[in-house]
Amino acid sequence: VENKPISREALGIMFWPDSADSQQQVRIALSDIRKQLGNQIFIEQRNPIWVKSNAISVDVLQFHKIGTASEIIDAELTEITELIDVANDCFLSGFTLRGCPNFDAWLQLEEQVALRDLQRCYRLVIRSLERNSRIEEAITYTRQLIHLDPYNEEHYRLLMQFHAQNRELHQVETVHQWVKQTLENELGVDPDQKTQALYLQI
């Protein structure tokens, strides 16, 4: 997912830190991967190893590429929404390797990067839907974004605005209570002045 080469030595240290024959383990693992995904999966000399970018599709790399854009064009919207619709959990959620602290540390960092890129994709999709007056769909994706980042009040404010556009004042009240309870229960704070001011204005 880093889209860069890695040495056999680094693989051995990451996955078999306590093994005296880590390089043998690397060779076995690479052989198994080739059997599963084909011989052409790697750009490989003696060292380092690089996965061919066109050999497999990696969603986190796609999210990163999309997230660097300032906006998405309407023609891309369907493809991007289909992509994020299947990304309903954290990066490698539930996956761990016993006895591999280096892998766990790497995974923690990659989770943060992947989540940041996914949130950017959500925001781009939501802005595109709003631009095309597809408010109901924008509401759906804003709710999903809140579940990814439940302490970001900006997302709750956006959701309140969408419901206000739909003249759903009862939903505005529901969202206000949602953010208020979330912040009180989890962080022990009240919504900020922007959130309160928007709620009173609506």
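Contact here means heavy atoms within 4.5 Å. The model is a predicted one, in which local features need pLDDT of at least 70, side-chain atom pairs count only at pLDDT 80 or more, and totals for chains, interfaces and linings use all residues. Residues are numbered from 1 along each chain as its sequence is written, and side-chain values use heavy atoms, with hydrogens and water left out.

The protein has nine helices and two strands, taken as DSSP runs numbered from the N terminus (helices: H or I, at least four residues; strands: E, at least two). Along the sequence they come in the pattern α-α-β-β-α-α-α-α-α-α-α. Of the 202 residues, 32% count as buried (buried is under 20% relative accessible area, exposed over 50%, partly exposed in between, with a 1.4 Å probe and protein chains only).

Next comes a helix pair. H7 (residues 153–165) and H8 (residues 169–187) pack at an angle of about 170 degrees, with their axes 8 Å apart. That makes H7 roughly antiparallel to H8. Axes are lines fitted to C-alpha atoms, for helices over the stretch in contact, and angles run from 0 to 180 degrees between N-to-C directions; under 35 degrees counts as roughly parallel, over 145 as roughly antiparallel, 65 to 115 as roughly perpendicular and the rest as oblique. On the H7 side, the contact involves Glu153, Tyr156, Leu159, Met160, His163 and Ala164, while H8 brings Gln171, Val172, Val175, His176, Trp178, Val179, Thr182 and Leu183. Sorted by type, the residues of this contact are nine nonpolar, four polar and one charged (Ala, Val, Leu, Ile, Met, Phe, Trp, Tyr, Cys and Pro are nonpolar, Asp, Glu, Lys and Arg charged, and the others, Gly among them, polar).

In the loop between H7 and H8 sits arginine 167, which has a positive phi of about 60 degrees although it is not a glycine. Arginine 167 is exposed, at 76% relative accessibility. Serine 133, in the loop between H5 (101–131) and H6, also has a positive phi of about 60 degrees without being a glycine; its relative accessibility of 58% makes serine 133 exposed. As background, most residues other than glycine have a negative phi.

Four salt bridges turn up in the structure, each a side-chain nitrogen of Lys or Arg within 4 Å of a carboxyl oxygen of Asp or Glu. Arginine 157 pairs with aspartate 192, their closest N and O atoms being 3.3 Å apart. Arginine 157 lies in H7 and aspartate 192 in the loop between H8 and H9 (193–201), so the pair ties together parts 35 residues apart in sequence. Arginine 157 is buried at 16% relative accessibility, whereas aspartate 192 is partly exposed at 31%. Shared partners also join Arg116, Asp117 and Arg120 into one salt-bridge network. Within it, arginine 116 and aspartate 117 have closest N and O atoms 3.3 Å apart, and aspartate 117 is buried at 2% relative accessibility. Another salt bridge links arginine 134 to glutamate 137 (2.7 Å, N to O).

Aspartate 149, in the loop between H6 (135–148) and H7, is buried yet has no salt bridge. The nearest side chain of opposite charge, arginine 123, is 5.2 Å away (Lys and Arg count as positive, Asp and Glu as negative; His and the chain ends are not counted). Leaving aside residues up to four places away in sequence, aspartate 149 touches Gln119 and His155.
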